[in-house]
Amino acid sequence: MLKTSHIVLFILTVTVLLTPNTLAYPINVTDNFGCTVTIEKTPMRIVSLSPCNTEILFAVGAGDRVVGGTTYDTYPPKAVNLSKIGGFSTVNIEAVVNLTPDLVLAEHGNSEDTVNALKNLDLKVVTLNPKTMDDILENIRLVGNITGNDAAAESLTADMMQQIRDITDMTEDIPNSRRPRVLYIVWHEPMYAAGAGLYHDDLIQMAGGKNIVEAEGWLVISVEDIIDKNPQIIICSSMGGGSYTIMEAITGNQILAQTDAVINNKVYPVDDPNTIELAGPRIVQGLAELHGFIAPDIQPEDIVSPTQVIETPTGVSPDNSNDTSDTSSTPGFGMILALGMILMVYSKRER
């Protein structure tokens, strides 16, 4: 039999490995605007000021500590029942204060005035503003670090990166001259398009396309420019059923009827814009959908392997609670397995 000391050592080691690292606090973190914020202890009452932030918090395992969110928070389903602090761009400062948060996770779209008002009330505010796919992954890690869920965040982002590679392995070597020309718009009056320097541009590139808008940021593009650049694919993305409204406006436009996209019925509405417009864990689903739109226009000789369908990140349940039957994906599982093997060695020695 094993000696009692060996059993005690094993139990203590596993306990340390699986317990959140509360001893790491206080920590200093830098948000997306370069502001350094000191987190004194594990945040236990978190208010999220955007649906994207709420998704990230639940995904890294801090959902049970989120006490407030916006009226637009619908995913995961548990987020619907959060106390509401107003809309994304209409945050009710008093409602936030009344929830007595020890962390407020803000986003660029909340407005500088809102963020400054909360800071002036001595609240801990960390603001996110992802511009690229790398930024999205880094923000998930940042939230994991702040909330003491580093392992879960690392596991989640590693899985996302693998799903991204499943697609980019097929598309990264396609030369620009052979990539389908893509226009990505979020409204039609006027035509509001995604340009360079945005993660939407990254998604188009990763999915195998070439963005026809070369200027940086969000900008209005004229019908004349669209005709001149002649997109082969037009992707329409807007909340509240707006994707289909945009699609109908484009396909019904007699001038845009000259584009290859309209002629060949390649004007696609994004069914669930939240998977793309919200820069969180479900962005890999958005990438998969864009690849589905673009892949048919990629020349067969440029495709490395058949398109692979991307599901919700492994280890993340539909409500992002990380409750999964696949224990091998649970943070710390590998270490437990290794310790178990060590115990077996001890057991043989003690016999």
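The model is predicted, so local features need pLDDT of at least 70, side-chain atom pairs count only at pLDDT 80 or more, and totals for chains, interfaces and linings use all residues. Residues are numbered from 1 along each chain as its sequence is written, and side-chain values use heavy atoms, with hydrogens and water left out.

Let's start with E107. This residue belongs to strand β6, residues 103–107; helices (H or I, at least four residues) and strands (E, at least two) are DSSP runs, numbered from the N terminus. A salt bridge puts a side-chain nitrogen of Lys or Arg within 4 Å of a carboxyl oxygen of Asp or Glu.

What E107 does have is a polar contact of 2.6 Å between its side chain and that of S50. A polar contact is a pair of N or O atoms within 3.5 Å; within protein, one must be able to donate a hydrogen and the other to accept it, and residues adjacent in sequence count only if both atoms are side-chain atoms. Setting aside neighbours within four places in sequence, E107 is in contact (heavy atoms within 4.5 Å) with S50, C52, N53, F88, T127 and L128.

L128 is also the bridge partner of E107 in β7. β6 and β7 run parallel, joined by 4 bridges; two strands pair if DSSP finds at least two bridges between them. Helix α5 packs on the sheet, touching β3, β6 and β7, and its direction makes about 165° with that of β7. Axes here are lines fitted to C-alpha atoms, for helices over the stretch in contact, and angles run from 0 to 180 degrees between N-to-C directions.

Zooming out, the open sheet has 5 strands in the order β5-β4-β3-β6-β7, with parallel pairing. Because β5 (83–84) and β7 stand at the edges with a single partner strand each, one side of each is left without a neighbour in the sheet.

C52 and N53, which touch E107, are among the buried residues of α2. How many residues of helix α2 (residues 51–59) are buried? The count is 9 of its 9 residues. They pack against several elements, including β6, β7 and α5. After α2 comes G61, whose phi is positive, near 95°.

Now to the charges. The structure holds 6 salt bridges. One of them joins R282 to E55, with the closest N and O atoms 2.6 Å apart. This pair links distant parts of the chain, with R282 in the loop between α11 (274–277) and α12 (283–294) and E55 in helix α2, 227 residues apart. Both R282 and E55 are buried. Together with D272, they are linked in a network of salt bridges.

Another salt bridge, at 3.2 Å from N to O, brings together the side chains of E138 and R141. Both lie in helix α5, 3 residues apart, about one turn of the helix. Are they buried or partly exposed? E138 counts as partly exposed because its relative accessibility is 44%, and R141 is partly exposed too, with a relative accessible area of 21%.

Then there is R181 with D260, where the closest N and O atoms are 3.3 Å apart. Here R181 sits in strand β8 (residues 181–188) and D260 in helix α10 (residues 260–263), 79 residues apart.

Notes. Buried < 20%, exposed > 50% of the residue type's maximum accessible area, 1.4 Å probe, protein only.
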